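Please keep the sequence and the model in view while reading.

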Amino acid sequence: MMKSKTDEEDYWNSSKCNAFTFDDEDDDFSRLKEQAVNSIRQLVEEDDDEDDVEKVSWSGEPVGSISWSVRETAASNQRTDREPAFPKIHTDTPTITKSASGYSLSSLFKGKTKGTNLQSFTESFNDASVRLYSPELRKPKSEYKDYISDWSPEETVQRIQQGKVVSLEKFRSLQDKLLLLDFAVSAHDGNVITAVLIYLKRTLCKDVLFRELESRQTALRHFIHYLTETRDQLLLLELLGALGRMEDMALLQYKEHLSITDENKRRDFLKSCLRLPFSPDDLAHVQDHYTLLERQIIIEATDGQAERGGKVEIFQKFPRRASILNMPLVTTLYYCCFYHYTESEGTYSSPANIRQTFRISEKQYFVTALAARAKLKAWFDVDTLFTSRNWLGFTRKKSPLSFQRVVDILQKNSAPTQVLQEYVGLVDDADLRISLAQKHKCHDIVINVRFLHSRFLHLH
């Protein structure tokens, strides 16, 4: 007769010899563990039947009823209003409520969901749409020191040098602002000084700012440079006027003519600048500038009309390549020596008139006229430049330049050998004269110098 399973267990348990097991734990602990496992198994089995049990809330209302839904919606809105500081997470997936959840306690242990079309529990945690986010924790108070500006003026300057973000708005009193400027100057950092000056320019009135900068020359130079670079002409003029630097203010106003493109308006502006408080030398310069531009306007209008008329030979043979307006004085003199060399001294375009009006030196006038007449191949005019008469009426060739330089200018303008030979012969040094004669193929001069040299040796 077969023994039942219970009888067999009683038999073996009543035996003095225990059966072999792999567990090293004592019997009491094993029994406790087995009881705990059985309790969890009962809970899981009960959870399998949870669909048959009616779920109720803490207030006793059935979960999923209309009254329960209204209460849950109101409570959710209140929680949202009470917690504005936490970051709001926007997702396209609606929030999973308790009633709509497809997970149960049995699902955690069995690894499956109630519905066949839902993800596994592990996959749901990997899904970004249902992932939970915790609010960002507040940083330590020491890290907020940069933003609440708890720094002294000296520390603020150091942090600006280090490239860190600081706020200068906390420095409201004049004393704090001046301390900030003094520490910036002491740091010998132009960028820091400029940053502080920009703040002072925005927060201080002009009179106070100008007065304080007057005693701080380093900061003043940086401020003037800053206004110049930003082209804040009005404020710069006010600053120079407040400091009593009238000549600098006048020169600054004079520089504005560079931005005027119309010649007539520029001439009128230069005329108005003559009333500014320039130094004597600067005033003479501005006067010459105005007179030169006025004369250039007259010459340009006259020559343009003559060139278009086609009756003046020189404009037909040598058409003008550019306008004379706003050209330098030497260029204007060269132009007049080229096109108006023979005009009388009473005309505006006469080279002699320009030389006298603008006090051009003899050497400068000679070089310019020589280059212009040599360019035209007017060798007679070139010869006239060198001819001078003494009080007895004798003529001789005289030059404010060395004749070696004269030969170079003539050679660059393709002077013929006969003309070059005449001026090479006027070089004082015999060796240099032979060298230039050989270079420019003036054979007669070489022969004459050799002959005179040999005759001199024969006599001695």
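Y335 and Y339 are 4 residues apart in helix α17 (residues 329-339), so about one helical turn separates them. Helices here are DSSP runs of H or I with at least four residues, numbered from the N terminus. The model is predicted: local features need pLDDT of at least 70, side-chain atom pairs count only at pLDDT 80 or more, and totals for chains, interfaces and linings use all residues. Residues are numbered from 1 along each chain as its sequence is written, and side-chain values use heavy atoms, with hydrogens and water left out.

A pair of aromatic rings is described by the distance of the centres and the angle of the planes. Rings of Phe, Tyr and Trp (its six-membered ring) pair if their centres lie within 6.5 Å; planes under 30 degrees apart count as stacked, over 60 as edge-to-face and the rest as tilted. Y335 and Y339 form a tilted pair, with 4.9 Å between centres and 50° between planes. Both Y335 and Y339 are buried, that is, under 20% relative accessible area with a 1.4 Å probe, protein chains only. Ring pairs also join Y335 and Y339 with F315, F318, Y334 and F338 in a cluster.

The structure contains 10 aromatic pairs. In one of them, Y254 and F278 have ring centres 6.3 Å apart and planes at 90°, so this pair is edge-to-face. The pair links distant parts of the chain, 24 residues apart: Y254 belongs to helix α13 (residues 246-254), while F278 lies in the loop between α14 (263-273) and α15 (280-309). Y254 counts as buried because its relative accessibility is 10%; F278, at 11%, counts as buried too.

Definitions and conventions
Helices (H or I, at least four residues) and strands (E, at least two) are DSSP runs, numbered from the N terminus. Buried means under 20% relative accessible area, exposed over 50%, partly exposed in between (1.4 Å probe, protein chains only).
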